[in-house]
Amino acid sequence: MFKGFYDASSAMLTQTRNLDVVGNNMSNIATAGYKIDRYANSTFDEVMRSRIGNKQKAPQELGTTTSYITALTEVRTVHTQGVMQPTGLPLNFALEGSGFFAVQTADGLRYSRNGAFMLDDQGYLYLPGQGRVMGSNNQPIYLGTDSFNAQADGTITTENGQVLGQLGVFDFEDPAQTLEKVGEGMFVPIGAAQPQAANNVIVRHKHLERSNIDMVQQMVDMITCQRALQSASQISKMYDQLMTKSTTEIGRV
């Protein structure tokens, strides 16, 4: 009976956290360059298998456990390419291929696929709410005007051909494992991961990369989570009633 109660509680906790992830995805469907998050969970037994082992932390069999309540959660980001959307706006950029823009924020260097840039009051290219966009020379890009041309390698020139700067486009080996999401579409390297100049990436001027979120699938996921949560809640109530009955009525016998 107690195992069933733990299972129901685990299901409620899992579906609640899953709903949070799905809801956050849906609220960012219009955020340029946003990458969808997926929720994953592990049971207590799986956590013990992975964390307890020899000095090299190799997994070992620990036998069975009677409690399977969720003990560990992980949100994984899916870095698939979003659709290129023409905007006609001169300060919009999109990346076709693997890579990230570098942005100098108040908390340090961050990386993003969001190319919905603007000019700050000093004429520097910046990402609203975040910071100045960095060039390939790791310095902020000064434009002073929104009348310019941009090439596929990120080089920005005036209308008469004078070079103003080049967008820094950086990449990481296996972004899903080496980058951590710290905001809506912003990432920081994990551990010793270092950015490298991106190869085989095309900078699309006057375009934005749409989020890689499938709204229909997210709606389906949300309905599925809600129904699973309701079912787990009802089962939990049933177990609670059974345990109450066993302690009050059966105990008297």
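**Reading strands, rings and surface in a predicted model**

Mentor: Start with a hairpin: strand 5 and strand 6 form one, with two residues between them. Residues are numbered from 1 along each chain as its sequence is written. The model is predicted, so local features need pLDDT of at least 70 and side-chain atom pairs count only at pLDDT 80 or more, while totals for chains, interfaces and linings use all residues, and side-chain values use heavy atoms, with hydrogens and water left out.

Trainee: What is a strand here, and when do two strands pair?

Mentor: Strands are DSSP runs of E with at least two residues, and helices are runs of H or I with at least four, both numbered from the N terminus. Two strands pair if DSSP finds at least two bridges between them. Strand 5 and strand 6 are antiparallel and share five bridges, with Phe101 opposite Ser112 of strand 6.

Trainee: How many bridges join strand 5 to strand 9?

Mentor: Three, and the two strands run antiparallel. Within that pairing, Val103 has Val133 of strand 9 as its bridge partner. Strand 5 also pairs with strand 13, again in the antiparallel sense, over two bridges. There Phe100 faces Phe170 of strand 13.

Trainee: Is strand 5 mostly covered or mostly uncovered?

Mentor: Buried means under 20% relative accessible area, exposed means over 50%, and partly exposed lies in between (1.4 Å probe, protein chains only). Strand 5, residues 100-105, is mostly covered, with five of its six residues buried.

Trainee: Which residues of strand 17 are on its covered face?

Mentor: In a regular strand the side chains alternate between the two faces of the sheet. In strand 17 (residues 202-205), Val203 and His205 make the covered face, and Ile202 and Arg204 the uncovered one. Strand 17 runs antiparallel to strand 4 (residues 93-96), and four bridges join them. Val203 in strand 17 has Leu95 opposite.

Trainee: What is the order of the open sheet of three strands?

Mentor: The order is 10-11-12, with antiparallel pairing. Strand 10 (149-150) and strand 12 (163-166) are at the edges with a single partner strand each, so one side of each has no neighbour in the sheet. Strand 11 (residues 155-157) pairs with strand 12 over three bridges. In that pairing, Thr155 has Gln166 of strand 12 as its bridge partner.

Trainee: How many aromatic pairs are there?

Mentor: A pair of aromatic rings is described by the distance of the centres and the angle of the planes. Rings of Phe, Tyr and Trp (its six-membered ring) pair if their centres lie within 6.5 Å; planes under 30 degrees apart count as stacked, over 60 as edge-to-face and the rest as tilted. The count by this rule is eight. Phe93 and Phe117 are tilted, because their ring centres are 6.0 Å apart and their planes stand at 40°. Phe93 is in strand 4 and Phe117 is in the loop between strand 6 (108-112) and strand 7 (118-119), 24 residues apart. Phe93 and Phe117 are both buried. The rings of Phe93 and Phe148 have centres 6.3 Å apart and planes at 5°, so this pair is stacked.

Trainee: Which residues do ring pairs link into a cluster?

Mentor: Phe100, Tyr111, Phe170, Phe172 and Phe187.

Trainee: Where does the charged end of Arg132 sit?

Mentor: A charge sits over a ring if NZ of Lys or CZ of Arg is within 6 Å of the ring centre and within 35 degrees of the ring normal. The charged end of Arg132 is over the ring of Tyr124, 3.9 Å from its centre. Lys181 has its charged end over the ring of Tyr34, 4.0 Å from the centre.

Trainee: Which residues make the nonpolar surface patch of about 220 Å²?

Mentor: Ile29, Met215 and Met219 make that patch. Met219 is in helix 4 (residues 215-250) and counts as partly exposed at 37% relative accessibility. Patches are made of residues with over 30% relative accessible area and no salt bridge, joining like charges within 9 Å and nonpolar side chains (Val, Leu, Ile, Met, Phe, Trp, Tyr) within 5 Å. A salt bridge is a side-chain nitrogen of Lys or Arg within 4 Å of a carboxyl oxygen of Asp or Glu. Accessible areas come from the Shrake-Rupley method with a 1.4 Å probe; for residues, only the protein chains shown count as cover.
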